[in-house]
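Hi everyone, thanks for coming. Let me put the sequence and the structure up on the screen, and then I'll walk you through the fold.

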Amino acid sequence: MSITEYTEMLIKNLISDPEMSKVKDFETEEGLIIEILVSENDMPSIIGKNGKVANSIKTLIQTKGYLLGIKNVKINIIILKKERTVMEIKKNRFFLNSKL
């Protein structure tokens, strides 16, 4: 099971509407970036109280990466608001990637 499939399995089992989520991965010079897109309604399920769930997800994904021999894995969680357009999502992704 690839790290992207593993991440997708984790996320889809945590949220109420799995069809509204998406997991993508991008290779960069620094390593692998995993981008998790979920709807605003599922934000509490993914972030958790004080970010504890998000930190746990990050730890599990980084552990899977270690087991697969991937040295550097970064995770971006993007909460999609209902009124956001595809262009805004693309701009946000570009910003996240160019920030590295």
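**The sheet and what packs on it**

Let's start with the sheet: it is open, with three strands in the order β1-β2-β3 and mixed pairing. Strands here are DSSP runs of E with at least two residues, helices are runs of H or I with at least four residues, and both are numbered from the N terminus. Two strands pair if DSSP finds at least two bridges between them. At the edges stand β1 (22-27) and β3 (73-80), each with a single partner strand, so one side of each has no neighbour in the sheet. On average, neighbouring strands of this sheet are turned by 20 degrees against each other, direction ignored.

Before I go on, a word on the source: this is a predicted model, where local features need pLDDT of at least 70, side-chain atom pairs count only at pLDDT 80 or more, and totals for chains, interfaces and linings use all residues. Residues are numbered from 1 along each chain as its sequence is written, and side-chain values use heavy atoms, with hydrogens and water left out.

Back to the strands. β1 pairs with β2 (residues 32-39) in the antiparallel sense, over six bridges. Within that pairing, Val 23 has Ile 36 as its bridge partner, and Lys 24 stands opposite Glu 35. The two strands form a hairpin with four residues between them, and in the turn Gly 31 has a positive phi of about 145 degrees.

Now the helices. Helix α3 (residues 52-67) lies across β2 and β3, and runs at about 140 degrees to β3. Axes are lines fitted to C-alpha atoms, for helices over the stretch in contact, with angles from 0 to 180 degrees between N-to-C directions. Contact, by the way, means heavy atoms within 4.5 Å.

Helix α1 spans residues 3-14 and includes Thr 4. Is Thr 4 buried or exposed? Thr 4 counts as buried because its relative accessibility is 13%, the cut-offs being under 20% for buried, over 50% for exposed and partly exposed in between, with a 1.4 Å probe and protein chains only. Leaving aside neighbours within four places in sequence, Thr 4 is in contact with Val 23 and Asp 25.

**The core**

The largest nonpolar core has 16 residues, and Ile 11, Ile 34, Ile 36 and Ile 61 touch the most other members. The elements that give two or more residues to this core are α1, β2, α3 and β3. Such a core is a set of buried Ala, Val, Leu, Ile, Met, Phe, Trp, Tyr and Cys residues joined through side-chain atoms within 4.5 Å. With neighbours within four places in sequence set aside, the contacts of Ile 61 include Tyr 6, Leu 10, Ile 34, Ile 36 and Val 73.

**One loop, and the whole chain**

In the loop between α2 (43-47) and α3 we find Asn 50. Asn 50 has a positive phi of about 55 degrees although it is not a glycine, and it counts as exposed because its relative accessibility is 72%.

Zooming out, the chain has four helices and three strands, in the pattern α-β-β-α-α-β-α along the sequence. Of its 100 residues, 34% count as buried.
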